[in-house]
Amino acid sequence: MNMLFRGRLVLPDSILPNGTVEVIRGRIQAVRRGGTRAADIDAGDGYIVPGFVDIHVHGGAGADYMDGTPEAVRTANRAHAARGTTTVFPTTTTGSPEQVSRMLAACKAVKRTWKPARDGARIAGVHLYGPYFAADKVGCHAVEGRRDPTPEEFNQYFETGLVRIATCAAELPGAEAFYRAARARRCLITCGHSSATWSDMARAFTAGMRHVDHFWCAMSSVASLRALHGTPMQASMEQFVLAHEAMSTEVIADGQHLAPELLNFAYRMKGAHRLCLVTDANRALGMPPGRYRFGPREDGSWFESNGLVGFVPGTTSQPASLASSVVALETMVRNMAAATSAPLHEVVRMASLTPAERAGIARDVGSLESGKRADLVLLDKDLRVRRVFLAGCEVPAT
Ligand SMILES: [Zn+2]
Ligand SMILES: [Zn+2]
């Protein structure tokens, strides 16, 4: 019931070289400097960091949340927990209303009966991501499963009480009504898979939109808007996010989607309080290279994994394109530490407290502070995950 952790503690604003974390009944009771009491768990020359929080994740270990069964949900959650992610927001893809509803029901069932050592990362809510994407920006999602938002459909999802993050392309008919319904539910509202112009974004901002999914991926740029709308060239989602302090965003720092200079640029422009690390991981995480379905197992679109990233091979008429990541947040943390000028506590913040704040769960998780859940990760000095504790219970290694 009562455990003492000792080591270099990564706190939200600093690193405490010799600190202790006292855990009682799954919660952090106290975080202290020094002391002589013998520790139950010692991080040695490594670090103790808060469990990672992933606000954009599709699956892992062969399972996609859109498979829509409690077992698939648990399989993905266990895969992420073993790699240091203690809180997830399972993320929908495009799909039929039945497939989205089935996913929500499966997540609800797992959340209701959740046990830390058995079920893996805790579900804090669902990220309603697909199906409200722009037709020209679906990326690797099945285009048949995308549509414009209607209250008849999205109100059903919001009524589950499970949706905490809500994405819609700002330019779609019905987007504003969607954002207002999401705001009434106090969701983090995000624009993604979109060709929005600056004026689309400004309208969305008024309706409550404050975040953009995977920066530079499946979003508008000055060049893409010029191709759509001609001249004068228009400002895009990119400029809107960089120009507004209230806007946050996220990067897929797997080393495959974005070059190191873009990761550093995003960090320098937005800062650790407005930039989240996400995996956007698909079911190929933790699986051998091969061919997999993105989204529902019965009719999701096919992609390939080479063990480093998901991709759709090119054809004579279409160049190859990326299809989300196959690695966990611990890899993103190491890549950000290597690519950016951010101190380690800020890198860790981008994978824990910042996403927790943006998703409205920072009172409960995201940092080593008394009163929060004892979601702790031991990293070695090279930032590799060694041991993971969820509400004070050790997660079995996979
Ligand atoms: Zn996406
Ligand atoms: Zn995604």
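# Close-up views of a predicted model

**View 1. Helices α4 and α5 in contact.** From α4, the residues Pro151, Phe154, Asn155 and Phe158 meet Ala177, Phe178 and Ala181 of α5. By class, this contact between α4 and α5 holds six nonpolar residues, one polar residue and no charged residues. The structure shown here and in the other views is a predicted model. Helix α4 covers residues 151-159 and helix α5 covers residues 175-184; their axes come within 11 Å and cross at roughly 20°. With angles under 35 degrees counted as roughly parallel, α4 and α5 are therefore roughly parallel to each other. The crossing in which α4 passes α5 is right-handed.

View 2. The peptide bond leading from Gly130 to Pro131 is cis, and its omega is near 10°.

**View 3. Helices α1 and α2 in contact.** Helix α1 spans residues 70-81 and helix α2 spans residues 97-112; the two pack with their axes 8 Å apart, at an angle of about 65°. Angles of 65 to 115 degrees count as roughly perpendicular, and α1 and α2 are therefore roughly perpendicular to each other. As α1 passes α2, the crossing is right-handed. On the α1 side the contact is made by Pro70, Ala72, Val73 and Arg74, which meet Ala106, Cys107, Ala109 and Val110 in α2. Sorted by class, the contact of α1 with α2 has seven nonpolar residues, no polar residues and one charged residue.

**View 4. Helices α9 and α10 in contact.** The axes of α9 (residues 260-270) and α10 (residues 329-339) cross at roughly 85° and come within 9 Å. These two helices, α9 and α10, are therefore roughly perpendicular to each other. Pro260, Leu263 and Asn264 belong to α9 and meet Asn335, Met336 and Ala339 in α10. Four nonpolar and two polar residues make up the contact of α9 with α10, with no charged residues.

**View 5. The open sheet of four strands.** The strand order in this sheet is β16-β17-β18-β19, and the pairing is antiparallel. At the edges are β16 (290-294) and β19 (321-325), each of which pairs on one side only. On average, and with direction ignored, neighbouring strands of the sheet are turned by 40° against each other. Strand β17 takes in residues 301-305 and runs antiparallel to β16, to which it is joined by five bridges. Within this pair of strands, Trp302 in β17 has Arg293 standing opposite.

**View 6. The open sheet of seven strands.** Here the strands follow the order β3-β2-β1-β4-β20-β21-β22, and the pairing is mixed. The edge positions belong to β3 (27-33) and β22 (393-394); each has a single partner strand, so one side of each is left without a neighbour in the sheet. Strand β1 (residues 2-10) pairs with β4 in the parallel sense, over four bridges. Opposite Tyr47 in β4 stands Arg8.

**View 7. Where domain 1 touches domain 2.** The domain assignment divides the protein chain into domain 1, with residues 1-50 + 366-398, and domain 2, with residues 52-363. Taken over C-alpha atoms, the centres of domain 1 and domain 2 are separated by 28 Å. Domain 1 gives 23 residues to the contact and domain 2 gives 25 residues. On the domain 1 side, β4 (41-50) and β21 (385-390) each supply at least two residues. The largest share of that side comes from β21, with three residues. By class, the side of domain 1 that touches domain 2 consists of 16 nonpolar, four polar and three charged residues.

View 8. Thr231 and Pro232 are joined by a cis peptide bond with an omega of about 0°. The loop that holds Pro232 lies between α7 (222-229) and α8 (237-243).

**View 9. Ala61 and its positive phi.** Although Ala61 is not a glycine, its phi is positive, at about 55°. Ala61 has its place in the loop between β6 (59-60) and β7 (63-64).

Notes: Residues are numbered from 1 along each chain as its sequence is written. Chains are lettered from A and ligands numbered from 1 in the order in which they are written. This is a predicted model: local features need pLDDT of at least 70, side-chain atom pairs count only at pLDDT 80 or more; totals for chains, interfaces and linings use all residues. Two strands pair if DSSP finds at least two bridges between them. Axes are lines fitted to C-alpha atoms, for helices over the stretch in contact, and angles run from 0 to 180 degrees between N-to-C directions. Domain bounds come from an automatic or database domain assignment. Two residues are in contact if their C-beta atoms, placed from the backbone, lie within 7 Å. Ala, Val, Leu, Ile, Met, Phe, Trp, Tyr, Cys and Pro count as nonpolar, Asp, Glu, Lys and Arg as charged, and the others, Gly among them, as polar. Angles under 35 degrees count as roughly parallel, over 145 as roughly antiparallel, 65 to 115 as roughly perpendicular and the rest as oblique. A crossing is left-handed if the near helix is turned anticlockwise from the far one by less than a right angle, and right-handed if clockwise.
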